[in-house]
Amino acid sequence: MVDWGLRPASVSDVEAVAELRAVVLRADLERLGRYDARRVRQRLRDGFDPAHTWVIEVGGSFAGCVALRPDRGAHWLEHFYLAARLQGSGIGTGVLRELLQRCDSGGIHVRLNVLQGSPARRLYERHGFTVETEDPVDVFMVREPGRVMLGPQGEREGSDGGGPDT
């Protein structure tokens with residue numbers, strides 16, 4: 001796995017994150033007939049909260065981001081984007097495990113939504129997320145604290161896997 005780290009986001013990260021979002025979501029949004037180059041960036045700008053967001057860095061450079069926003073007894077996993085060249089390298093799994101461990105230790109449910117047909121759904125299912133509801137565009141998922149994670153082939157893993165100390 002590639003060596004990665006997390007750092008707290010700042011207001012100055014918003015444009016890099018908005019651009020990454022537009023690139024990463026483009027194929028899925030086009031497939032769903034929902035891509036609008038201006039809107040995809042503006043929705044990120046409108047919802048960007050650096051207080052609950054981390055930047056993923058590889059070799060000290062911007063590689064992605066993730067947010068974990070508290071809301072009524074749960075946390076919403078949002079804005080989880082990784083540069084295409086790094087997808088499949090284990091970074092996303094490592095970042096997700098680290099954040100889920102934090103939530104597990106506090107007994108916190110985690111919620112998210114993923115676009116219909118997105119390959120990211122498999123990642124979330126392997127980490128214990130289950131479908132709560134869905135509509136023609138989004139699948140809403142939830143994960144109970146301490147849920148057993150599954151490996152890539154569906155085998156059970158301990159929930160103590162981890163990424164680097166960050």
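**Salt bridges and surface of a predicted model**

Good morning. I begin with a pair of charged residues: Arg7 forms a salt bridge with Asp13, and their closest N and O atoms are 2.9 Å apart. A salt bridge here is a side-chain nitrogen of Lys or Arg within 4 Å of a carboxyl oxygen of Asp or Glu.

This is a predicted model, in which local features need pLDDT of at least 70, side-chain atom pairs count only at pLDDT 80 or more, and totals for chains, interfaces and linings use all residues. Residues are numbered from 1 along each chain as its sequence is written, and side-chain values use heavy atoms, with hydrogens and water left out.

Let me return to the pair. Arg7 is partly exposed because its relative accessibility is 26%, whereas Asp13 is buried at 8%. Buried means under 20% relative accessible area, exposed over 50%, and partly exposed in between, with a 1.4 Å probe and protein chains only.

Next, the overall architecture. The protein has four helices and nine strands, in the order β-α-α-β-β-β-α-β-α-β-β-β-β from the N terminus. Helices (H or I, at least four residues) and strands (E, at least two) are DSSP runs, numbered from the N terminus. Of the 166 residues, 42% count as buried.

How many salt bridges are there by this rule? The count comes to 12. One of them joins Arg102 to Glu98, with the closest N and O atoms 2.7 Å apart. These two residues are four apart in helix α3, so about one helical turn separates them. Arg102 is partly exposed at 33%, while Glu98 is buried at 9%.

Another salt bridge links Arg111 and Glu132, whose closest N and O atoms are 2.6 Å apart. Arg111 belongs to strand β5 (residues 109-115) and Glu132 to strand β6 (residues 130-134), so the pair ties together parts that are 21 residues apart in sequence. Arg111 has a relative accessible area of 23% and is partly exposed; Glu132, at 43%, is partly exposed. Through shared partners, salt bridges also join Arg7, Asp13 and Glu57 into one network.

Is Ser105 buried or exposed? Ser105 counts as exposed, because its relative accessibility is 66%. Ser105 and Pro145 are 40 residues apart in sequence, and their C-alpha atoms are 7.9 Å apart in space.

Thank you for your attention.
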